[in-house]
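Hello,

Here is the structure we talked about handing over. Please have a look at it first; my notes follow below.

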Amino acid sequence: MLLSLLIFLPVLFALIVAMLPEKVIRPASLLMSLLHFALSLVLFYRFNPSSAGLQLIEKTPWLPTFGVNYFVGIDGISFWLVILSTFLTPLVVLGSWTAITEKIRSFHICLFLLSSAMIGTFLALDAILFYAFFEASLIPMYFMVGVWGGARRLYATMKFFIYTMAGSLFMLVAIIALIFMTQEQLGTMSASIPDFYKLQIPFVAGDLLNTQTILFFAFALAFAIKVPMFPVHTWLPDAHVEAPTPGSVILAAVMLKMGTYGFLRFVLPIFPLAAEYWAWLFMLLGVIGIIYGALVAMVQPDIKKLVAYSSVSHMGYVMLGIFALNIYGVTGGLYQMLNHGISTGALFLLVGMLYERTHSRQIADYGGLAKVAPIYTIAFIIVTFSSIAVPLTNGFIGEFLILLGGFEANKIFGGFAVLGVILGAVYMLWAVKRIFFGAPGKLVGGGGDTGHGGHGVHAGHGHGHAAHGSHDDHSGLDLEIGAREMFVLAPLVILIFWMGLFPSDFLNWSKASLDHLVQNRTNYQLNVEE
């Protein structure tokens with residue numbers, strides 16, 4: 001019952017939001033999202049981290065003729081991803097308090113429906129149910145970018161939707177093929193993922209057209225687009241840049257993880273021989289993504305686009321770790337999913353706070369920001385340290401484990417991945433230098449019009465929407481963050497250090513499941529714990 005509540009409570013919240021008077025929507029949404037997060041914390045009492053099996057199972061027939069059930073459960077692989085989803089929703093509600101000024105009701109309905117679809121994706125143990133949630137998450141995100149996004153939002157939404165939808169169709173065909181295989185091999189038709197693990201799928205090394213390789217690539221393509229991996233990453237920077245701040249945070253922090261989660265839940269255990277045979281290709285693409293994302297981020301004049309390309313680089317690390325196929329790499333990959341959710345989510349929130357006041361994302365417009373916004377500067381630099389994997393922060397643990405695994409699997413790929421660590425420090429620290437230090441830019445020094453109108457915004461008020469084209473004096477510009485924004489950033493900063501200093505507090509909850517996945521990869525079974 002607990003897992004179904006976690007999945008469907010946000011749908012109820014969306015219905016409540018639809019009926020509330022507009023002036024109470026924000027506080028009510030914050031309260032409901034906090035309630036949802038509190039409910040997810042019950043998992044810490046109900047979940048047994050020493051077991052690798054599926055726990056808190058709920059199973060009800062849905063389309064019994066085709067072996068399709070409403071079948072949900074949790075293990076160490078999905079545990080933290082569910083917590084991450086519920087943890088970020090209240091922060092997004094609080095963070096968007098003044099950023100979203102139009103259609104507030106519709107926005108919060110989309111946010112809650114998206115939360116439901118994401119949690120459903122992580123908890124579904126029936127392939128058709130998984131596919132339904134996986135695709136359902138596209139619809140609220142489509143509206144979030146398309147309605148509240150920037151100038152090129154329609155182009156970005158169509159690209160995002162077509163890319164992800166096209167990849168998912170290959171996965172749907174592969175799921176149907178697996179359902180028919182269960183009938184042949186197990187005697188009854190079943191869409192249950194634990195039943196898929198029991199299948200003996202033919203594999204011939206070197207033959208591109210054998211069954212396991214074809215099905216492997218059908219799933220891998222759908223998940224690679226979602227991650228996104230190089231070279232199918234081009235929808236991500238457009239979607240991030242055009243999305244409103246809350247959309248960018250959810251997209252980076254949780255939705256991309258649905259792709260990497262898919263690799264751990266489907267690709268490695270169902271197609272173990274194909275995964276092992278083609279691991280070099282995915283490690284290669286991961287390393288290319290790491291370096292390419294970092295190099296492109298380095299030359300971005302737009303701070304939001306820089307963070308978007310840093311996502312491509314960071315998710316390259318996750319893929320390198322997963323396809324190292326050893327315990328260091330896979331553990332690091334899962335940890336880095338959480339780290340990326342926290343650090344990149346925080347970066348998008350920080351960029352949004354600045355944009356809300358000035359309506360400029362151009363790095364050149366800033367400079368010397370440290371003098372006028374010291375608290376904002378400290379928060380940005382802490383999150384930057386997490387993003388570039390400085391020791392004592394969460395990013396260091398994840399990247400260190402991935403590099404350990406990468407070197408053990410392939411020293412050449414491991415060596416090139418280290419180059420990504422250096423490039424990551426270059427683009428982030430260079431951006432920090434240009435924004436916060438050095439000569440004051442036109443938005444900080446108070447001189448010159450930005451072409452967006454003057455924005456005499458004062459700290460803590462956050463309603464930085466002066467009319468475009470007005471010519472106010474910049475001398476009143478105050479870029480320091482207020483109390484509400486500090487409340488948004490504080491939990492993220494605490495987690496950055498907590499996960500960096502005490503990683504076992506987090507890793508122990510997933511250890512049994514990841515050990516089981518790595519050690520029994522070629523003969524992987526998941527027991528259902530009653």
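**Overall build**

Of the protein's 530 residues, 63% count as buried (under 20% relative accessible area, with exposed over 50% and partly exposed in between; 1.4 Å probe, protein chains only). Bear in mind that this is a predicted model: local features need pLDDT of at least 70, side-chain atom pairs count only at pLDDT 80 or more, and totals for chains, interfaces and linings use all residues. Residues are numbered from 1 along each chain as its sequence is written, and side-chain values use heavy atoms, with hydrogens and water left out.

The secondary structure comes to 23 helices and two strands. These are DSSP runs numbered from the N terminus (helices H or I, at least four residues; strands E, at least two). The C-alpha trace spans about 75 × 55 × 40 Å along its principal axes.

Among contacts (heavy atoms within 4.5 Å) with a separation of 6 or more, 78% are between residues 24 or more positions apart. The protein exposes about 18,900 Å², and carbon and sulfur atoms supply 69% of that. Areas come from the Shrake-Rupley method with a 1.4 Å probe.

**A buried glutamate**

E399 sits in helix α19, residues 394-409. E399 is buried yet has no salt bridge (a side-chain nitrogen of Lys or Arg within 4 Å of a carboxyl oxygen of Asp or Glu). The nearest side chain of opposite charge is K257, 12 Å away. Which residues does E399 touch, not counting those up to four places away in sequence? They are H314, Y317, Q336, S387, A389 and V421.

**Backbone points to check**

One joins V227 and P228, with omega about -10°. P228 lies in that loop, between α10 (211-226) and α11 (235-242). Another joins F230 and P231, with omega about 5°, and P231 is in the loop between α10 and α11 too.

L56 has phi near 55°. L56 belongs to strand β1, residues 55-63, and is buried at 15% relative accessible area. H359 has phi near 60°. H359 lies in the loop between α16 (327-358) and α17 (369-372), and counts as buried at 8% relative accessibility.

Best regards

Key
Lys, Arg positive; Asp, Glu negative; His and termini not counted.
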